[in-house]
Amino acid sequence: MQLYNKLSAKERADLLEQAGEDRLTLSFYQYAKIGNPELFRNHLYVAWEELDVLGRIYVAHEGINAQLSVPAKKFNAFKEFIDGIYFLNGVRLNIAIEHDLKSFLKLKVKVRPKIVADGLNDETFDVTNKGIHVDAENFNKLIDDPNTVLVDMRNHYESEIGHFQGAVTPDVDTFRDSLDIIEEDLKDHKEDKNLVMYCTGGIRCEKASAYYKHKGFKNVFQLEGGIIEYARQVENKGLENKFIGKNFVFDHRRGERITEDVIANCHQCGKPCDTHVNCANEACHLLFIQCEDCAKAMQNCCSDECKEIIQLPYEEQKRLRKGIPNSNKIFKKGRSEKLKFKK
């Protein structure tokens, strides 16, 4: 029984090209008590491998967080499978606005301590005492209220290319960094303001809303389904769209365009641009914004140093990066000392 992917990204990409089938990119999450995450992980892998599902899925004792690519013709079978799992029956599926054949190239199902790295001790507060979920229409009404503070629960490299008008966008690299910063900044408004939060698909707000209620915030709200579902409801219901720019997504697309506004800049020349790339030097892999002109001039690299490295023989490149972890430094983006343009 195969429990792990054995194909390289290139091999999988070639297979997808040959198949030429439409695929749907979607995501979902659910907090639930999973007694044996490893067993559940294996169950998912076997079933989804058979359905040709690709994606990145995290399983923990506290639940599941999944970003997936599913063959369109097998979507009903996929839905039937997850509905057969008692805590996933009827779970909301955030289906992408823009689909890409290669949004994911492998099926990775991993057991993790948590489904979102929030740095919180869940034993110290009631994680089920969450904020009020609101749909797009009520979200619009809330953020029009002068008594509301709207907070983006995402990281700086996400909000830089797109966010809601008037939102507080913390300058942080990780979700866990934002929690204490937001509490400190809003400590004088725990009782007299509406705290309204949003993120990509809703999962970060689930835990954050309970945490802030525990910290004394009285009026806590969160956007149901996040930006992904908001964009869908705005289009289907003809609502005013208060989001500007792109929604950053964690797959090979790196972003879904919500409006035509380009609110970010190339990190090398400063030209208006909101296209995220990873540095072509695998030892660097820095995530940054690069325009087409700079991509051509820099050979898809973030710096002259990396440009020189990719000219070396492949084995020499491997030797140079051996034992050097990238960690979260790849997300430094516009703040990296390697990049020329900074706001």
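Start at the second largest pocket, which holds about 600 Å³ of space. The model on screen is predicted.

**Stop 1: the pocket**

Select Tyr31, Ala32, Glu62, Val127 and Thr128. Of the 22 residues that line the second largest pocket, these lie nearest its centre. Now colour the lining by residue class. Seven of the lining residues are nonpolar, five are polar and 10 are charged.

Which strand gives the largest share of this lining? Strand S1 does, with four residues. Select residues 23–31 to show S1, then 203–214 to show helix H7; each supplies at least two residues of the pocket lining.

**Stop 2: the sheet that holds S1**

Five strands form an open sheet here, ordered S4-S1-S3-S2-S5, and the pairing is mixed. Select 94–95 for strand S4 and 107–111 for strand S5. These are the edge strands, and each pairs on one side only.

Move to strand S2, residues 54–60, and strand S3, residues 63–71. The two run antiparallel and are joined by seven bridges.

Bring H7 back into view. Helix H7 lies across S1 and S3, and it runs at about 20 degrees to S1. H7 and S1 are also the elements to recall from the pocket, where each gives at least two lining residues.

**Stop 3: the parallel sheet**

Next, show the four-strand sheet. This one is open too, in the order S6-S10-S9-S7, with parallel pairing. Select 132–134 for strand S6 and 148–152 for strand S7. Both stand at the edges with a single partner strand each, so one side of S6 and one side of S7 have no neighbour in the sheet. Turn the view to look along the sheet: from one strand to the next, the twist averages 30 degrees.

What joins S7 to strand S9? Five bridges do, between strands that run parallel; S9 covers residues 194–198. Pick Thr148 and look across to S9, where its bridge partner is Asn194.

**Stop 4**

Terms used: Residues are numbered from 1 along each chain as its sequence is written. This is a predicted model: local features need pLDDT of at least 70, side-chain atom pairs count only at pLDDT 80 or more; totals for chains, interfaces and linings use all residues. Side-chain values use heavy atoms; hydrogens and water are left out. On a 1 Å grid over the protein atoms alone, a cavity is a set of points where a 1.4 Å probe fits but cannot get out, and a pocket is an open set with protein on both sides within 12 Å along at least five of seven lines; lining residues have an atom within 4 Å of a point. Grid points are joined across faces, edges and corners, and a volume is the space filled by probe spheres set on the points. Ala, Val, Leu, Ile, Met, Phe, Trp, Tyr, Cys and Pro count as nonpolar, Asp, Glu, Lys and Arg as charged, and the others, Gly among them, as polar. Two strands pair if DSSP finds at least two bridges between them. Axes are lines fitted to C-alpha atoms, for helices over the stretch in contact, and angles run from 0 to 180 degrees between N-to-C directions. Contact means heavy atoms within 4.5 Å.
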